[in-house]
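Subject: The structure I promised you

Hi,

Here is the structure I said I would send over. Have it open while you read, and follow along with my notes below.

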Amino acid sequence: MFPWGLSCLSVLGAVGTALLCACLLLSLAQHLWTLRWTLSRDSASALPLPKGSMGWPFFGETLHWLVQGSRFHSSRRERYGPVFKTHLLGRPVIRVSGAENVRAILLGEHRLVRSQWPQSTHILLGSHTLLGAVGEPHRRRRQVLARAFSRTALERYVPRLQGALRREVRAWCAASGPLAVYEAAKTLTFRLAARILLGLRLDDVRCAELARTFERLVENLFSLPLDVPFSGLRKGIRARDQLHEHLEEAIAEKLQEDQAPEPGDALNLIIHSARELGHELSVQELKESAVELLFAAFFTTASASTSLILLLLQHPAAIAKIQQELAAQGLGRACHCAPGTTGPRPDCGCEPDLSLALLGRLHYVDCVVKEVLRLLPPVSGGYRTALRTFELDGYQVPKGWSVMYSIRDTHETAAVYRSPPEGFNPERFGARREDALGSPSRFHYIPFGGGARSCLGQELAQSVLQLLAVELVRNARWELATPSFPAMQTVPILHPVDGLQLFFRPLMPSAEGNGPHL
């Protein structure tokens, strides 16, 4: 018994010593890791680094970020303030929120900071994209693309967009079971972008195939830059090449067509705009531009469309006010198919009754869309890299560090709104005048970013959401197919964790005056 007891004590002692040594080593490693980043501050600047934690050696706070999601940033903002440091995905990061701080970042493009994207994204999207351009090439490329999103172009897009959205809402209402709204919105967004923006002639089967191929490309945009069998990058390259193969045929047709005085789609407008500026785009440049247009519209518009449907469902009073506004503008009457009309997306022969000018008169609908984008912005923020050390909110941002500006935190903490920022209140936009571009208050609302890299397609995106709101309210009622509303996942794009399962039902002609009962 006695020797056995000594043996147990020896084992326990060895285990205790090992654990103590491990704890000491971890503590030493943690101390050295913290010291390493403390010493990385720019000694030429007297300003301190922002408050915050760099986490554990090598891993930083990445694991906390992945587990906690949006709560990670809000908890650290509450602890350290609107500017704090952290370490994510192998990089030191300065996280920034608040209108004045975000303004400094967004207006400092090419001077203080530059756009930051993973190497895999540059490989898959190509070298001729707006996303990857810096300085003068970025300015020239933006000038070429701007014509595709001008007011003249939008006026041509709106009737076609309305027709497509009307058919899609009818298809949702014809579904026999619950619809996964986020998936349906992604399918819809790809179809709109491919057929209307790019002018591709695709039947539904081919369009669905290309949409799946495109989604495989997007799923692998943020992968390790290793082109080896079965890697994410290899899968992305294969999907990109398949898309380019189809686009090359369509682009060849466009280049051979007679030059119409008024090109009908964005891709033709880009070709004409480049020619007017003295530059003939190559087929490769056009393929990359086409994929970039799809990428810019796909997930973000699908996310915003899903959020619009969700928030209208949660706030039926907003639906009633939209109905009142439509009736006041003579737009309350929906288009109904005659009995016997069949097909997955029937075209009932109704002419589009909305234009860009009419959308401009739907002030409450515009406020609803703005409030959806404020409360549930599709993208939580954007990444930049510091080109030189600079001051922000009393701290230094060292050269080479990543800077992440937060859209969601800035919206949530803005004191400029007259009602609590966390509530859904479209009227908050009705009472406010438009802020002067570049003023600090302008950057309290940044769903489309700002500065030199603000979203070129923001007016088009808002028009799509306005049209969707009108067609939904005039033609459908919808209700949850699940016991409760789903939680929202914020990374990489905001969306409901279950895709938002809903039943859609058509509004019958006799019920037009009553509106949907949700």
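Start at arginine 36: its charged end sits over the ring of tryptophan 37, 3.7 Å from the centre of that ring. Arginine 442 does something you can look at next, as its charged end sits over the ring of phenylalanine 443, 5.3 Å from the ring centre. Keep in mind as you click around that this is a predicted model.

Tryptophan 37 also turns up in a group of rings. Which residues make up that one aromatic cluster? They are Trp33, Trp37, Phe58 and Trp401.

Phenylalanine 58 deserves a stop of its own. You will find it in the loop between α1 and α2, and it has a positive phi of about 70 degrees although it is not a glycine. Why point that out? Most residues other than glycine have a negative phi. Is phenylalanine 58 buried or exposed? It counts as exposed, because its relative accessibility is 71% and the cut-off for exposed is over 50%.

Leucine 500 is another residue with a positive phi, near 65 degrees, and it isn't a glycine either. This one is in the loop between β11 (495-496) and β12. Leucine 500 counts as buried, though, at 0% relative accessibility.

Back to the loop between α1 and α2. Phenylalanine 59 is in that loop, and at 54% relative accessibility it counts as exposed. Methionine 54 lies in the loop between α1 and α2 as well, but methionine 54 is buried, with a relative accessible area of 6%. What is the C-alpha separation between methionine 54 and lysine 85? It is 7.1 Å, for two residues that are 31 residues apart along the chain.

Now the surface. Phe58 and Phe59 belong to a nonpolar patch there, together with Leu26, Trp56, Leu63, Leu66 and Val67. Taken together, the patch has about 860 Å² of accessible area. Which element gives the most to it? That would be helix α2 (residues 62-68), with three residues.

On to aromatic pairs, of which the count comes to 13. One of them is tryptophan 117 with phenylalanine 295: edge-to-face, 6.2 Å centre to centre, with 70 degrees between the planes. Tryptophan 117 lies in the loop between β3 and α5 (119-125) and phenylalanine 295 in helix α12 (residues 283-314), so this pair ties together parts that are 178 residues apart in sequence. Tryptophan 117 is partly exposed, with a relative accessible area of 31%, whereas phenylalanine 295 counts as buried at 19%.

Another pair to look up is tryptophan 172 with phenylalanine 504, which is tilted: 5.3 Å centre to centre and 50 degrees between the planes. Here tryptophan 172 lies in helix α7 (residues 151-174) and phenylalanine 504 in strand β12 (residues 501-506), so the pair ties together parts that are 332 residues apart in sequence. Both tryptophan 172 and phenylalanine 504 are buried.

Strand β12 takes us to a sheet. It is an open sheet of three strands in the order β4-β12-β9, with antiparallel pairing. Why does one side of β4 and of β9 have no neighbour in the sheet? Because β4 (179-180) and β9 (476-480) stand at the edges, each with a single partner strand. Five bridges join β9 to β12, and the bridge partner of glutamate 479 in β12 is phenylalanine 503. If pairing is new to you: strands of a sheet pair through backbone hydrogen bonds, either parallel or antiparallel.

Last stop, strand β5 (residues 381-386). It is mostly covered, with five of its six residues buried.

Cheers

Technical notes
Residues are numbered from 1 along each chain as its sequence is written. This is a predicted model: local features need pLDDT of at least 70, side-chain atom pairs count only at pLDDT 80 or more; totals for chains, interfaces and linings use all residues. Side-chain values use heavy atoms; hydrogens and water are left out. Patches are made of residues with over 30% relative accessible area and no salt bridge: like charges are joined within 9 Å, nonpolar side chains (Val, Leu, Ile, Met, Phe, Trp, Tyr) within 5 Å. Accessible areas come from the Shrake-Rupley method with a 1.4 Å probe; for residues, only the protein chains shown count as cover. A salt bridge is a side-chain nitrogen of Lys or Arg within 4 Å of a carboxyl oxygen of Asp or Glu. Helices (H or I, at least four residues) and strands (E, at least two) are DSSP runs, numbered from the N terminus. Buried means under 20% relative accessible area, exposed over 50%, partly exposed in between (1.4 Å probe, protein chains only). Rings of Phe, Tyr and Trp (its six-membered ring) pair if their centres lie within 6.5 Å; planes under 30 degrees apart count as stacked, over 60 as edge-to-face and the rest as tilted. A charge sits over a ring if NZ of Lys or CZ of Arg is within 6 Å of the ring centre and within 35 degrees of the ring normal. Two strands pair if DSSP finds at least two bridges between them.
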